[in-house]
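Trainee: I would like to learn how to read a structure feature by feature. Please give me the general idea each time, and then the case.

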Amino acid sequence: MEGKVWGYSSNEDNDDVDEVYLQNASDDEEDLHSTSSSLPKLQFRNVKSKCRWNEEMGMAEVIEKNGKMWVSTGIVRSGKIYTSIEETLYLMELGALHLVDNEDRSISLIEMYKKVAGGKYGCCWELFEAYRHLKSLGYIIGRHDVAWSLKSIRSSQKPVAVEGAEESNQQVDTSSKVELSISKLFGELKINDLKPDFDIYLPDSRFRKSSPGDPNFLLYLSRGHLPSRAEIEVLEKQCEGIPLKVCLVTEGRVSFFSFDKVELPILP
Amino acid sequence: MAPRWKGKDAKSKKDAEAEALKEPMSKIISQLQSSFVQSNTCGFLSDNCVHLAVQGEQLDLLDKACFGRPVRIVEKDMYWFQLTLEEAFYLCYFLKCLEINGRADDSPLSNEELWRYFKSKKEAFPCFYKVYSHLRIKNWVVRSGAQYGVDFIVYRHHPALVHSEYGVLVLSHDNDADLNGRLSVWSDVHCSTRLLGSVAKTLLVLYINKNGQNDESPLCLANYTIEERTISRWSPEQCRERSVLTFLDL
């Protein structure tokens, strides 16, 4: 080692000719494909499910269930399945869902787009785009702190919000009580509530609403500005150790970032 | 990210890793420390940096420990060497192996005087120095990150042996007022992560909390705390079970 000069700045400059990080390369390819004319086409399925939109709840109630996707779509209350506006719209876009109103009149895709754009029912356009992006990749997505089914609350020890606030050992029996609690979460989207938007599970054919387990990560949609360090900390406090990801939707492009706390190791 | 040792093939990379293990940075730095102390090494304030004349063993050790850069060879084997403010202060204040002259009578400046002088040259010096020393104390090699649009890049050992894994930005824990408002909008995040990603580095942000200390003296450093966070893009396409193909029935 004595007398050996390893070299000065030239070694650091060599980093410029590093191998290109492959992930960025493949992302660029993706971008090229998405800007070509590949808008999703209207699909007509042979076997559709049927749902009735409930304006007061801000959710759709499943009337006829067809297809395997119901294992990981919709929440179960009193033996019935209810879908959020994003779940409903997603299935409609795929042509897998026929939606009607209280008078059994068909509700069109355009009417649903207008509903989402209005920002009511706990969702907004960008949140729907984030939902759609991940759902089409097979991820299982639920609104944060909304139980998939009441069985899952009884089986888990953790207090889960059936209503807007955290309450443990809450027996939710009457359907009207359920409707009331759900409407708080599926009502007006409050811009200033700093809380995770979705619970996300990796694609898994063994997913069960009665015992979903912990989500793999929670997702927060960035609204208007880059979240500050303090805001990330507020969000993390609500995650109870589950990783948080922040999603940004700009002009239809959905990107995801992690702001993980780390600690560089002490080296020898 | 796993460390990326340098070498043209798998064997040379393993050799690089072995070399680093055989002579860890902590050992090199303590050798530098004792050598400098023994020879009463002295530097000079030069506006925004510190210069010193070095040769022989000291030149070697500065190189191996990754402090500073050679400016010019002055005589046979004697170099005029340049240190950044952070590097110089680390050698003076923490390793206590360097003295710096700046006065007419050539007497060395005290740590307090150096601190005030460096602060006058660089407003964010206290935070930048805290980050520099925080990482150096953990035995990481810390160098300027200017060419990548960051404050520092850090290596696990000498850049000849290993690629750097992180590009470091120094930010304030609570508000960015005194740190030039970097990373304040999403496009900054896109920029930095994409640039660093293209050279296989992760963006590492160190948030400094001054904890209400005023920074008149370097003693305030002891009460600064640091929160380390990586900011990275996540690709949902690359993070799925293979079972998704059979599961999706839509």
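Mentor: Start with strand pairing: β7(B) and strand β8 (residues 166-172) of chain B pair in the antiparallel sense over 3 bridges. Helices (H or I, at least four residues) and strands (E, at least two) are DSSP runs, numbered from the N terminus, and two strands pair if DSSP finds at least two bridges between them. The bridge partner of Ile153(B) in β8(B) is Gly167(B). This is a predicted model, in which local features need pLDDT of at least 70 and side-chain atom pairs count only at pLDDT 80 or more, while totals for chains, interfaces and linings use all residues. Residues are numbered from 1 along each chain as its sequence is written, chains are lettered from A and ligands numbered from 1 in the order in which they are written, and side-chain values use heavy atoms, with hydrogens and water left out.

Trainee: With which strand does β7(B) pair over 4 bridges?

Mentor: That strand is β6 (residues 141-144) of chain B, and the pairing is antiparallel. Here Val142(B) stands opposite Val154(B) of β7(B).

Trainee: How do I read the two faces of a strand?

Mentor: In a regular strand the side chains alternate between the two faces of the sheet. In β7 (residues 152-155) of chain B, Phe152(B) and Val154(B) lie on one side, Ile153(B) and Tyr155(B) on the other, and all are buried, so both faces are covered. Buried means under 20% relative accessible area, exposed over 50%, and partly exposed in between (1.4 Å probe, protein chains only).

Trainee: What is the strand order of the open sheet in chain A?

Mentor: The order of its 5 strands is β3-β4-β2-β1-β5, with mixed pairing. At the edges are β3 (75-77) and β5 (97-100) of chain A, each of which pairs on one side only. On average, neighbouring strands of this sheet are turned by 40° against each other, direction ignored. Axes are lines fitted to C-alpha atoms, for helices over the stretch in contact, and angles run from 0 to 180 degrees between N-to-C directions. Helix α3 (residues 85-93) of chain A packs on the sheet and touches β1 (49-54), β2 (59-64), β4 and β5 of chain A; contact means heavy atoms within 4.5 Å. The direction of α3(A) makes about 125° with that of β5(A). Between β3(A) and β4 (residues 80-83) of chain A there are 3 bridges, and the two run antiparallel. Within this pair, Val76(A) stands opposite Ile81(A).

Trainee: How do I check the length of a helix?

Mentor: The expected span of a helix is 1.5 Å times one less than its number of residues. Helix α6 (residues 125-137) of chain B has 13 residues and should span 18 Å; its end C-alpha atoms are 18 Å apart, which agrees.

Trainee: Why is α6(B) said to be largely enclosed by the rest of the structure?

Mentor: Because 11 of its 13 residues are buried. Among them are Phe125(B), Tyr129(B) and Arg136(B).

Trainee: What should I know about phi?

Mentor: Most residues other than glycine have a negative phi, and most peptide bonds are trans. Just after α6(B), Asn139(B) takes a positive phi of about 70°. Asn40(B) has a positive phi of about 50°; it sits in the loop between α2 (25-38) and β1 (42-46) of chain B and is exposed, with a relative accessible area of 65%. Asp77(B) has a positive phi near 70°. Its place is the loop between β3 (69-75) and β4 (78-83) of chain B, and at 39% relative accessible area Asp77(B) is partly exposed.

Trainee: How many disulfides are there over all chains?

Mentor: A disulfide is a pair of cysteine sulfur atoms within 2.5 Å, and by this rule the count is 0. The sulfur of Cys247(A) is 10 Å from the closest cysteine sulfur, in Cys124(A), too far for a bond. For Cys66(B), the closest cysteine sulfur is in Cys97(B), 15 Å away, also too far for a bond. Cys247(A) is buried at 0% relative accessibility, and Cys66(B) is buried at 3%.
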